[in-house]
Amino acid sequence: MFEWAVELFPHCRSITGPGLRTTLNYFQNIVPELQIHGIASGTQVFDWVVPQEWRIKSAKLTDPNGDVVADFADSNLHVVNYAVSVDRKLSLSELQAHLYSREDMPEAIPYVTSYYSPHWGFCLEHSKRSALPDGEYQAFIDSEHVDGELNFADLVIPGESDQEILFTSYACHPSMANNELSGPVVLIALARWVQSLDRRKYTYRFVLAPETIGAIAYLSQNLNHLQAHVIAGYVITCVGDDGGYAYLPSRTGTTLADEVAIAALEGRDLDFTRYSFLDRGSDERQYCSPKVDLPMASLLRSKYGTYPEYHTSLDNLDFISAKGLGESLSMYQDCIRILEHNEIYECVEKCEPQLGRRNLRPPQNSAGAGQPTLSEIQSNTSNILAYADGKTDVVGLSRVTGISVFDIIDGCALLKSNQLLEIAAID
Amino acid sequence: MFEWAVELFPHCRSITGPGLRTTLNYFQNIVPELQIHGIASGTQVFDWVVPQEWRIKSAKLTDPNGDVVADFADSNLHVVNYAVSVDRKLSLSELQAHLYSREDMPEAIPYVTSYYSPHWGFCLEHSKRSALPDGEYQAFIDSEHVDGELNFADLVIPGESDQEILFTSYACHPSMANNELSGPVVLIALARWVQSLDRRKYTYRFVLAPETIGAIAYLSQNLNHLQAHVIAGYVITCVGDDGGYAYLPSRTGTTLADEVAIAALEGRDLDFTRYSFLDRGSDERQYCSPKVDLPMASLLRSKYGTYPEYHTSLDNLDFISAKGLGESLSMYQDCIRILEHNEIYECVEKCEPQLGRRNLRPPQNSAGAGQPTLSEIQSNTSNILAYADGKTDVVGLSRVTGISVFDIIDGCALLKSNQLLEIAAID
Amino acid sequence: MFEWAVELFPHCRSITGPGLRTTLNYFQNIVPELQIHGIASGTQVFDWVVPQEWRIKSAKLTDPNGDVVADFADSNLHVVNYAVSVDRKLSLSELQAHLYSREDMPEAIPYVTSYYSPHWGFCLEHSKRSALPDGEYQAFIDSEHVDGELNFADLVIPGESDQEILFTSYACHPSMANNELSGPVVLIALARWVQSLDRRKYTYRFVLAPETIGAIAYLSQNLNHLQAHVIAGYVITCVGDDGGYAYLPSRTGTTLADEVAIAALEGRDLDFTRYSFLDRGSDERQYCSPKVDLPMASLLRSKYGTYPEYHTSLDNLDFISAKGLGESLSMYQDCIRILEHNEIYECVEKCEPQLGRRNLRPPQNSAGAGQPTLSEIQSNTSNILAYADGKTDVVGLSRVTGISVFDIIDGCALLKSNQLLEIAAID
C-alpha cells in the first residue's frame, strides 16, 4: 500500500480533471474489476451541479526581483485548487488577498480550494510570505475550466446475499498523504482481500469518488439501490499514520456499522478516541444526511482537523507508514470478519448442556493439582450459552458478556460444531 | 411589576374573602380581559368543600401591663390566617398554645394558617415572645367566617390553535413578597405581553387562584377542557428575587413543559438548581396529581422552603427587586418563544445542500487569511441540517447538537427562508 | 436452624445415594408435607442422563510406614466425591495424580468431585501432602455405582392465586456448612413460616435437589408448569454466615425477583454487594438458561467462590452462625412480604385529597411551636398519592419516591383504609 501512495503522491488531484482520472486508472490497474464512471459537467445532482473539469498546466508567482516565490512544479499545493487562470502584475498589497499561509505553521504550504467561487491564489510558507519585499509581482496561472466529466469508480463483489457492506473513500486531494491517499489505498487493498475470500455472506461495494460532490453524484445515481441493500458501511479516511485509533459514529450512533466498529476496536483491546457525529467532516456528511440515512461510520487514525500537519504540505509521505496502513487495513478486515459472523444464535438444549463429555469444560470440580486446563475459548462457552437466546447477535453477546467479539465468534463456532448452538430462525 | 407588588403588599389575603377579591380586582384593572369567578361556600370540589369567607376587622394581643404585643394593624402576619374570633383573658402559660414564633429567626413574624381546623393564634418575633412577662393577657380577634364565595380569575388569549399553554399562580398569601406576590405580578405581566404579540400559534390561559383549594376548585370546573387542550404549563411562584434560577420538574419530568424549561435556561447559559418533583410544594401538587396529570413544571428563583426568610415577615419588598421580577418575566417569555417555534423540521434536499452559493458557508476551504467570517447562525446550519430528519423538534435539535435553542430557532428560520428546511407533515 | 445444620453436617451427601436421601428424609420429618421424589438412573433429562447412585462404605490412604494419611471416617471430604473404588499399591509419584490439596490453604481439605468421569482420588491438607515420604502407598476406596434413583423433594403451599413464588436450594454437598447446608435449612425454615401465614396471595413452591443434575431433572419434569406459573423465584445458597449481604441478579437483571430483592435489602438499609449474572455459579445456571428463562435471582451472604474457606473443610460449623441463618431467613421473609403486598394502587380522588380532616397531615401550616407531630407513615402519604397512578407497583413507588418499600406498604395500607387508594383494575 505504501508503494501505491508513493507513486500517487505527486499527482495534482482535484474534484474533476486529469489528476483524478489518473488516480482512478492507477487503481484500476491493480483491481481490473474496478469500474470508472463519468458524469457530464452541468448535470444536476440533487442540490448541486457537476462542475467543469479543471486542467492546470503550470503556475508561478514571481517577486519584484524576478525570483520565483511559489511554483506549481515544486508542489501542486502552491496553487489554490481549482483556481482560475491569471497573468497579471500587481503590488504586494494587492497580492495579499490572493495569498494563503499559516502563521501557526510557518514552514507549511496550506491546502486551499475554491471550487464554487471563481478565484485564484497562491499558497506558501508563512515564513516566506513574511519576508516578501514590496514591489511588483507577477502572478501566473495557466489553467482552464472546460466541460467534461466528473469521474468516480466503484466495484461490487457479490456474496451469497444481496445485502451490501459499503466502503467509500475519496480521491480528490492533491499531494497529501494521510488526508488523503491513505483512504484510497486501504480501500483498494481491502477490496483485493475481499475478492480473495473463499466465501462471502454479503455483497461488498467499494466506492472512490471526489469528496462531497462525488459522493453526492454517486448517491444521486444509486440512492434507491443503496437504501434498499446497504446494512453497514464505512467512510475510510485518515488511516495512514500509526498514531492512536479513532471512531466517528453515524448520525444516530446506533447502527450496525457503529456496533461492529466498536466491537472491532474493543475486541483487539485497542485504545481509541470516540468522536461525536458533530465532529464529522468527510463523506458521512452525505451518506448519513437525513434523507439518505445510510448506516455509515468511520474508523480512523489521526483524524482530519486534529493533527497540526492536516491540510498542509507536511501531511506528506513521512507522516504515514506501511505499518500504519497495514494496521488500518487489519482493522477494517476485522469489521468484515465480525459482520460475516454476526449471527443470532440460539441454544439447542434446555438448561445447560453437559459440557464435560464434550471436552468443553474440566471433567472435575477441582481446586488443586491435576486439573486439566482449558483454552480461553472453552472457558467462554458457558457465558455464550447463557445469553444465546435467539435474540442477541454476536456483537451483542460480546457486549453483554464482556468477552472479545473474536472469542465469541470462535466460541460460537465451537458450540455450533458440537450441535449446542444453532442459528436462530428469523421471524 | 415592582410597583404592583408595592401596592398589593399590605392587603390581608387568604384563601377566601375581601383581601383576595381586592387583589384580583387590582389585576383586572391592569388587564381588563381578566375574568373573576366565584364558587359558593359549601360547594363540593373533588374531595374538598369550599370554605366560608374569612373577614377580619382587627386583632390585638395585649400584655398584663396593657402594652400591645401584636397588632393586626401593624402586620397582618400577626394573626393566624383564617383564625376564628376570640376575646378572652388568659395567663401566659394558657396563651402559649396560641403563640407562634421562630426560635431560629428571632426577629421574624412567622406566617401560620389554620384553614380547616377552627383555631386562633398570634404570630410574633421570638425575641419578643421570650421576653413576655407573666400575668394576664388579653387576646382579641374580631373576625368572622360567613357563607360567600371563593374567588379566582382567568384569562384566555386565543391563538391559531386551540391547543393551550397554561400559566398559573396564587393570590392567597398575605403580606409576603417573593412567596407570593412575585408569581401573580409576573403572571399578569406575562399575560399583557402575550396579548401584545402579533401572532400566537397557541392559545394561552392564565389562572390566578388561592393555592390548593383554589387550584382544586378551578380544576373541578375545567378538568376535561384542560386535559384535552393543555400541551404545556407552568406554575409561576417565587420569581421575585435576583438569586439563582431553579427548575422543578413535572411528575414524570419528561413533558414538553420540562423540555422547554430546560432549553430556556440552558439556551441563555443560566446556572440553575434542578429540583426533584419530591421537592414540590405548590399547585403542581394538584395540576400534576395522577388523575389530573397535566404537563406542568415550574421555573423559579429562590424556591419556597429554601431561603431563611420564607414564610415570615422578612420575605418583604426588600427581598424582591424589579431586576429579579424582570429577569423572571424574560425567562417565561423565553419559554413561550421556544414553544411558539418548536416545529419539527425536515430537510428539503437529499444530501447536504450547496450552502456556499447561498452565502451560508465560506466559499473557500481555507485555513488562513482572507477567509470570510460567518455569523454563528450560519455556522450552525450544517448541524441543523444533519439532524432535521422530520422527527426531531427544535428543542430536540438543540439537545442533540448542543446549540442554544435560540440559535436553533434563528438557524431554522434562515434555512427555511432559503427553502432548505420545511415543516414536517404530521403523520 | 443451626441445630439442623449440626445434625446434618456429618452425612456424606453427593448428587445421588444414601447421604442425599437421609438429608431429604431429615427435612421431611420437620415438614411432613415435603414430598420426596426419585428419578431412575439412566433417565434422559434434557442433555443429561441421570447417573447411578454412589454408595461408599469406607476409604483410607496408608503411607509406606502403615500410617493412615487420609481416612473417610475422619472426614468425607478426604475422598473425591463420587469416586470409583480402588485397592492398589502405588509409589508416591504415581499417587500424586490422585491427590488434591490447596497450596494456598495448607490446613484445609479441599472438596473435589468427579461425577461424570470415572476417577478416584484423595483430598488432604497441603501441609500433610508436602511431608509425605517416598515409598509404597496403599489406596483403598470401597465404593460402588449402582442403578437406583436420583432424589429431590418439593413442597407446594397453595395460596389464593395459582401464580407461584419459587424457592430452591441444593442438598448434594457433603460436610460443608455455608456451601451448602445453610441454603437447605433456611429454605425449610422459610417453608414452615409460609405454612404458618394466615393468608397467602400466591402459591409457594420449595425445591430441594442436587445441584445442576437435580435442578435439570426437576425442570425436565416441571418446566411447562413452572414457565406458566412462576412470577418470581430465588436460589437460596450461602446464607449461613453473618458477613455482608449480596445480590446476584437473574440473567436480565430486570425481573420481579430482582426488583423485590433489591427493594428488600434497600428497605432495611442493608449494605450489599451487587454481583453480575456473569458471577453466577449455582442453579440459576439452569433456572435462568435461555430456554428455561424463569425469573430467578439470589440473595446471599458470603458468596461461593469469594471466601477462602469455600469448598474446603474450613467451611464448617464455625463458619456459620444462628445469627447469620436467622438474618438470612428474615431477608427472604421480607421478599415474601413485599411480593404479597406488591399491588398496583390508584388514587381514588382527583387532585390531592384533604388529608387534614383524616388526621393524615398537620392541621396547620405552621413553622413553630404547637405543631402536631406525625408518624413517618403519615408524612409519606403525599408522595405515595402523587405517584399512585394505576401503573406503578409498590416496589416502583419505593424506587420513585426513595421511601423504604416497607413504609410504602404501610402507607398504602393506611391510605387504602381511608378510601384514598384502591387497587388498580388490571387491563
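Modeller: The expected span of a helix is 1.5 Å times one less than its number of residues. Keep in mind that this is a predicted model.

Biologist: What span does helix H7 of chain A reach from its first C-alpha to its last?

Modeller: Helix H7 of chain A runs over residues 256-267, which is 12 residues. At 1.5 Å a residue the expected value is 16 Å. The helix comes close to that, reaching 16 Å.

Biologist: How many residues of H7(A) are buried?

Modeller: A residue is buried if its relative accessible area is under 20%. Among those that pass in H7(A) are A:Ala257, A:Asp258, A:Val260 and A:Leu265. H7(A) is mostly covered, and of its 12 residues the number buried is 9.

Biologist: Which residue with a positive phi follows H7(A)?

Modeller: The phi in question is near 55°. The residue that has it, following H7(A), is A:Asp269.

Biologist: Is A:Arg337 buried, partly exposed or exposed?

Modeller: A:Arg337 lies in helix H9 of chain A, residues 322-341. Buried means under 20% and exposed means over 50%. Because its relative accessibility is 32%, A:Arg337 counts as partly exposed.

Biologist: Which residues is A:Arg337 in contact with, leaving aside its neighbours within four places in sequence?

Modeller: Contact means heavy atoms within 4.5 Å. With the neighbours within four places set aside, the partners of A:Arg337 are A:Trp193, A:Arg268, A:Ser330 and A:Ile409.

Biologist: At what angle do helices H12 and H13 of chain C pack?

Modeller: Two packed helices are described by the angle between their axes and the distance between the axes. For H12 (residues 394-401) and H13 (residues 405-417) of chain C, the axes are 9 Å apart. The crossing of H12(C) and H13(C) is right-handed. The angle is about 115°.

Biologist: How many charged residues are there in the contact of H12(C) with H13(C)?

Modeller: From H12(C), C:Val394, C:Val395, C:Leu397, C:Ser398 and C:Thr401 take part, and they meet C:Val405, C:Ile408, C:Ile409 and C:Cys412 of H13(C). These divide into 7 nonpolar and 2 polar, and the number of charged residues is none.

Biologist: What kind of rotation axis relates chains B and C?

Modeller: Chain B is superposed on chain C by a rotation of 120° with 0.1 Å of shift along the axis, at an RMSD of 0.1 Å. The two copies are therefore related as by a rotation axis that is three-fold.

Biologist: Which residue of chain B comes closest to the rotation axis?

Modeller: The distance is taken from the C-alpha, and the closest is at 13 Å. That residue is B:Thr254.

Note on methods
Residues numbered from 1 in each chain as written. Chains lettered and ligands numbered in written order. Predicted model: local features only at pLDDT ≥ 70, side-chain atom pairs only at ≥ 80, totals over all residues. Heavy atoms only, no water. Least-squares fit on C-alpha atoms with pLDDT ≥ 70 in both. Helix = DSSP H or I, 4+ residues; strand = E, 2+ residues; numbered from the N terminus. Buried < 20%, exposed > 50% of the residue type's maximum accessible area, 1.4 Å probe, protein only. Axes fitted to C-alpha atoms, helices over the stretch in contact; angles between N-to-C directions. Left-handed = near helix turned anticlockwise from the far one by under 90°. Nonpolar A, V, L, I, M, F, W, Y, C, P; charged D, E, K, R; others polar.
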